[in-house]
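Colleague: Can you walk me through the pockets in this one? Start with the terms.

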Amino acid sequence: MAHLQRVPFENFDITLRRSFDLDPAALYNKIVTHQRGGFCYELNGLFALLLEQIGFTVIRLAARVINKEGILGPEFDHLALQVRCPGEARSTWLADVGFGDSFREPLRFEEHGEQPDGWRAYRIEHDTDNRWVWERDYDGMWTRQYRFDLQPRQLNDFAPMCVWQQTSPESNFTQRRVCTRATTNGRITLSEMRLITTANGQRSERAIRGEEEYQAVLREQFGIILDR
């Protein structure tokens, strides 16, 4: 929760055509030293290292995101984390600080039923070879977010797809600027020139008047200064 409220999900380096890789030192420099955010490979990549440093067991999982038309994205489309707590071999969690607007608390990995999460709820559907993450949104409707398998991966396994996400015109990340983070009672999001705030399940939206205001909101609400 602390990570989601402090470290934004954002794609500014991609829209500014600044190439980057998944070197751990570079991820630390960007996210910690320069107080930036990133997308799934960066955020979950560095978060996994943090968890391992303080004693958790982490397995990196490859996921495929489901779009609004119900179509699965490519292999290695998303990185999620299977986490075991120290001294609790039978307690397994799905952690994900790199999906943007999704679950705020880790999900119990082997729980089949609904897992409440604030004004929403989530569940992990099991089948023979895969798991599906479902979300019940504010309107009560259930939709699938992504599918993942259980094969352990290394961060470098995601490197080719990380390049594709940065460069392909078919990638969602090359098409528009986005920056979002959780708040204590919801979420705040910059989507191009719109500021979207959700609080206690209620959504409001306003237009941003020009690039100067955009950069001011980015600095004041997300702590990001892009020229550093």
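Modeller: A pocket is an open set of points on a 1 Å grid over the protein atoms alone, where a 1.4 Å probe fits, with protein on both sides within 12 Å along at least five of seven lines; lining residues have an atom within 4 Å of a point. This is a predicted model: local features need pLDDT of at least 70, side-chain atom pairs count only at pLDDT 80 or more, and totals for chains, interfaces and linings use all residues. Residues are numbered from 1 along each chain as its sequence is written, and side-chain values use heavy atoms, with hydrogens and water left out.

Colleague: Which residues lie nearest the centre of the largest pocket?

Modeller: Val 65, Lys 68, Phe 99, Asn 172 and Arg 176, from a lining of 44 residues.

Colleague: How does that lining divide?

Modeller: Into 14 nonpolar, 17 polar and 13 charged. Nonpolar means Ala, Val, Leu, Ile, Met, Phe, Trp, Tyr, Cys and Pro; charged means Asp, Glu, Lys and Arg; the others, Gly among them, are polar.

Colleague: And the second largest pocket, which residues are nearest its centre?

Modeller: Met 1, Phe 47, Ala 95, Glu 105 and Pro 106. Its lining has 13 nonpolar residues, 1 polar and 3 charged.

Colleague: Switching to strands. What joins E8 to E9?

Modeller: 7 bridges, with the strands antiparallel. Strands are DSSP runs of E, at least two residues, numbered from the N terminus. Two strands pair if DSSP finds at least two bridges between them.

Colleague: What stands opposite Arg 147 of E9?

Modeller: Trp 132. Arg 64 also has Arg 147 as its bridge partner.

Methods. Helices (H or I, at least four residues) and strands (E, at least two) are DSSP runs, numbered from the N terminus.
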